[in-house]
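Morning, everyone. Please look at the screen for a moment before I start talking.

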Amino acid sequence: MTDTPLPQLRTAQRVVIKIGSALIVDPEQAAPRQAWLDSVAQDIAALRAQGTEVVVVSSGAIALARHQLGLTRRVLRLEEKQAAASVGQIRLAQAWTDALSRFDITAAQLLLTPDDTENRHRYLNARASLNTLLGLGCVPIINENDAIATTEIRFGDNDRLAARVAEMINADQLVLLSDIDGLYTADPRTNPDARHLPVVAELTDSIEAMGGAPPPGYSSGGMRTKLMAARIATQSGCAMAITQGQPLHPLARLRDGGRCTWFLPATDARSARKSWIAGSLTPAGQAVIDDGAIRALTMGSSLLPAGVTTVTGDFDRGDLIAVMDRHGNRIACGLAAYAADDARRIAGHQSDEIEDLLGWQGADELIHRDDLVLLMRTEPAAS
């Protein structure tokens, strides 16, 4: 337990709310749970009345269209998911428009792909659009653009998408409405000794080990992706809550002290640029480094070529790459000062050898410390 005061939804200035398909869609009627949706819209109106700006990341497009299109198999082909998303996105946007309009709130739709958050230029454009919509009094409704996303280039879950959006717009709170009221030490459905954790002050290895595999069904989430989202959000200075979403007025319940797990924001929240680097989901390549380089990084040094053992991937100068230890753990990420082929040529060599190896003198570092973010604790695990 920490002495730091817990976040409170009633004091949030800007909040992102993530809602999964199972909450939005009635599986028997393949239609929105209208009474529930109306209750959430009323909760959002109450938040706005207290001065809180609200962004919603909403799943449900594919689930809304599956039965309408006769796509009732549990597993759909990629092109079938894209077709269902094309139909369902219209229904989902209309459902939110109808619900929010009852409270004189204008809904806006924004569909994002990973490239919209991974590419710095598009990231800044998306952020500007969201900030403008919020300034105009709208509630943006965001979903992954499943109609054009491919299996290889997609978020795959809206938990991490919501975390990236929260980081993008400098939200102070992220709320994941779920089928469970927070994080437990084990799965409470199968382990009667599982304990609920009301607050997580730091995402340690033992906390992350509590995440399980995604549940069966339409959802692609699960506790593991929620913990991934927590890391993205908290590292950017945003508190995150996981709370039960099934009952009516779930946000009002959370605002009034309902049961949940709060993940506290990191005390050393990064700059906006480093938060974007840290939140990247699809690095263009990898650099495997030795133990000496790991120690140097933990002391605040840049990544020098001498500490790099292997470089993989096809990336250009300025692209984001992952930094891995020899066991395959991702310990950092950053912007490469060299393209992939040049990085492979200088890997393992001293910086003063770069000119002889390449025929021109470039940066002394493969990744400068200003362009590098550590992602996890790197001290040896206790035996």
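**A quick tour of the fold**

Let's start with burial. Of the 383 residues in the protein chain, 49% count as buried; buried means under 20% relative accessible area, with a 1.4 Å probe and protein chains only.

Now the ground rules. This is a predicted model, where local features need pLDDT of at least 70, side-chain atom pairs count only at pLDDT 80 or more, and totals for chains, interfaces and linings use all residues. Residues are numbered from 1 along each chain as its sequence is written, and side-chain values use heavy atoms, leaving out hydrogens and water.

Next, overall size. The C-alpha trace spans about 70 × 45 × 40 Å along its principal axes.

What secondary structure does the protein chain have? There are 14 helices and 17 strands. Both are DSSP runs, numbered from the N terminus: helices are H or I with at least four residues, strands are E with at least two.

Eight strands form an open sheet with mixed pairing, in the order β5-β6-β4-β1-β7-β11-β12-β10. Two strands pair if DSSP finds at least two bridges between them. The edge strands, β5 (107-112) and β10 (199-200), each pair on one side only.

Look inside the sheet. β7 (residues 173-178) and β11 (residues 239-244) pair in the parallel sense over six bridges. V175 has A241 in β11 as its bridge partner.

Conventions:
Buried means under 20% relative accessible area, exposed over 50%, partly exposed in between (1.4 Å probe, protein chains only).
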